[in-house]
Amino acid sequence: MNNASSALKVAAGIFLTIALITIVVILFISAQEATKTAQNNFSDIQTELSQASFTVYDGTSISGSQVTNALRKFRDKDQFGILVITGKNKGGQWYGNSLHINNLADDKYGSVTNVNTREGDLGNTMLESSNEYVNPSGKFKASIIKDRSNVVRGLVFEQ
């Protein structure tokens, strides 16, 4: 009788141990899935926040002073270019990196032509005698240029 009682206690202990290990494994697997989902959501939020500073320039009309502010803010950004087209300079002037732009329907896609070449002199946007002069009270149509990975690579301001 004593042996049967001991065998039942050992069997119950083994069964409880297996059940506990199974529960821990199930919890671990579900926690892994939740962590992966949270990481993906966090990555999406990070991308949105990093691109949020450009949404103000997406198809809007802005003043010349806002154009010069954008030039100051973004011209030193890596792999990024700003094209300013004025009434005096129909061909436009690049600041930062120049981009190769493809117009596909309403979307503009672009890529940096040469990462090592920086263009444009911000001082010329203040000189009224310069073709690059940006009238602070002038109106400009702003648009965004993205690359194929949907990363903003440039801005275009057209008077």
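Which residues do ring pairs link into a cluster? Select F54, Y57, F74, F80 and F157: ring pairs join these residues into one cluster. The model is predicted, and five aromatic pairs are found in the structure.

**Stop 1: F54 and F80.** Keep F54 and F80 selected and hide the others. Their rings form a stacked aromatic pair, with 5.3 Å from centre to centre and 25 degrees between the planes. Now colour by position along the chain. F54 sits in the loop between α1 (2-52) and β1 (61-63), while F80 sits in the loop between α2 (64-74) and β2 (81-85). The two are 26 residues apart, and the pair links distant parts of the chain.

Stop 2: The cut-offs explain the label: stacked needs planes under 30 degrees apart and edge-to-face needs over 60, so the rest count as tilted. F74 has 5% relative accessibility and counts as buried.

**Stop 3: helix α2.** Select G64, V67, T68, A70, L71 and F74, the buried residues of α2. Look down the axis of α2: these buried residues fall within an arc of 155 degrees, so they line one face of the helix. In an α-helix there are 3.6 residues a turn, so residues three or four places apart point the same way.

**Stop 4: the cover.** What lies over the buried residues of α2? Show the strands β1, β2, β3 (93-96), β6 (139-146) and β7 (152-158), which are among the elements that cover them.

Technical notes. Residues numbered from 1 in each chain as written. Predicted model: local features only at pLDDT ≥ 70, side-chain atom pairs only at ≥ 80, totals over all residues. Heavy atoms only, no water. Phe/Tyr/Trp six-rings, centres within 6.5 Å; stacked < 30°, edge-to-face > 60°. Helix = DSSP H or I, 4+ residues; strand = E, 2+ residues; numbered from the N terminus. Buried < 20%, exposed > 50% of the residue type's maximum accessible area, 1.4 Å probe, protein only. Arc of directions from axis to C-beta. Contact = heavy atoms within 4.5 Å.
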